[in-house]
Amino acid sequence: MSSFTHFPNTNNFQTQSDEFATWLSSRPGVKVNPKIRIADLRANAAGRGVVAQADIDDGEELFTIPRDLVLSTHNSKLKDLLSQDLEQLGPWLSLMLVMIFEYLQGDRSTWAPYFRVLPQSFDTLMFWSPAELEELQGSAVVDKIGRQEAEESIMQSIAPVVRANPALFPPIGGLASYEGDVGAQALLNFAHMMGSLIMAYAFDVEKPENEDERDGEDGYLTDDEEEQSSKGMVPLADMLNADADRNNARLFQEEELLVMKAIKPIRAGEEIFNDYGELPRSDLLRRYGYVTDNYAPYDVVELPLDLICFAAGATSSDAENQARLQLLEELELLDDGFAIPRPLPDETLADVIPAELVALLMTLTLSPEQLAHQLKKKKLPSPTLTAKEARILFDAIITSQKRYSTTIEQDRQLLAQINQFEASSPLEGSDRRRKMAIQVRLGEKEIFEAIMAKINDHVANSSASKRTADGDSNDSRRTKIQRS
């Protein structure tokens, strides 16, 4: 990405931070609590962050950013310089185009000092090589990257605007234009950089409640999501690192201001953390380019629809199976895949399995007579997980486990070896990405193992209850589903 550097590169991390802080304090309406400072956290593999210089009380304001300083479609001059209506691009692509424009403005952009402190290289999955992505073989997150779809959108929506307005979008990296294969690839790389910044740093900026509907000023809304929040880059707010356990600050959106406040007492020397919400580590890696064990409790595994149908002995070409799936679709219970969260020790199988997945398993086990009855009623019986449904789920998990190139035991050994090496030398590049991939896939395999144990407990308890009901109290054997 270095070939796209438009601003002078001072190679001075602290100088860029200081210039950004000076710019921020000079902007009207900005207030920064003197108790906080921008810190160099590269030694902790965290880049920049915000740290408390003195004790901060719960509810205390950390900083205030006026809405007109948010880097957004609404605030950029680009909307007045184009004949096209940016609204038609939707919130993501319109902000991407605005960021390309503002970046190319160099020092003429209002946000020039802000761009200098934003990264230009990323560990998000969009930038992983095919060999690096192989480390995530078996994980559903690979199918969520969407690089091809993103590039199609860029070439269909962004490229025509850029190419038609060379004065607004001057070629970068010594190119004559964005035409041809070389120019197109340069534009794609540039757009990916901006898209990754949006994914990692942008906030959903709510529309002020009393803002009038004005033509050309609701460009963040899409045709099918009229209430969708706009996307905006909020200077300083995005410098807070995120942590699920140590979250101690939150961004509050007021009429004219965005205010970051402490949500618990913060002691001098402590880092100030935002939170991304309950994201599994696979999405943390895909969207933000890092992994932390603090988000391990939110890990999920995803079982695709076709794999579950296969485990049930059904195929999409089977007319009877199509009727089953059609019933679920009409009841709005059908999806392409089903996410299963990491179970807590005291949770039962019924507590963990999503209701939609239970409905699918039940529908796949209905006899032809039962199916005809439910099709007539256009409803499903009360959700129940019998041994038959549990067997299908177990087999689907076994099949899904085989998609990984390593076992859970191998991953644990690999991770232990990497941690031992990392203790003496920081990981960089592909080595760091490999560790993150192992952490993600190991977490998914742990969930599969936990779910299979709960399936066996569920079947055993169901069998015990049935034996008790049948008066067979002498047989205390546990029923266990075996691996195929």
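This is a predicted model: local features need pLDDT of at least 70, side-chain atom pairs count only at pLDDT 80 or more; totals for chains, interfaces and linings use all residues.
Leaving aside its neighbours within four places in sequence, which residues is phenylalanine 169 in contact with? Residues are numbered from 1 along each chain as its sequence is written, and side-chain values use heavy atoms, with hydrogens and water left out.

**View 1. The surroundings of phenylalanine 169.** Beyond those sequence neighbours, its contacts (heavy atoms within 4.5 Å) are Leu78, Leu97, Ile100, Phe101, Leu104, Val161, Val162 and Tyr178.

**View 2. The largest nonpolar core.** A nonpolar core is a set of buried Ala, Val, Leu, Ile, Met, Phe, Trp, Tyr and Cys residues joined through side-chain atoms within 4.5 Å; buried means under 20% relative accessible area, exposed over 50%, and partly exposed in between (1.4 Å probe, protein chains only). Among the 67 residues here, Leu97, Phe169 and Met194 touch the most other members. Helix 3 (residues 90-104) gives the largest share, 10 residues. Helices (H or I, at least four residues) and strands (E, at least two) are DSSP runs numbered from the N terminus.

**View 3. Another core, apart from the largest one.** This core has 39 residues, including Val301, Leu303, Leu349 and Ile455.

**View 4. Leucine 236, with a positive phi.** Its phi is near 80°, and leucine 236 sits in the loop between strand 6 (230-232) and strand 7 (241-242). Leucine 236 counts as buried because its relative accessibility is 2%.

**View 5. Glutamate 332, with a positive phi.** Here phi is near 60° in a residue other than glycine. The loop holding glutamate 332 runs between helix 10 (319-330) and strand 12 (337-341). Glutamate 332 counts as exposed because its relative accessibility is 71%.
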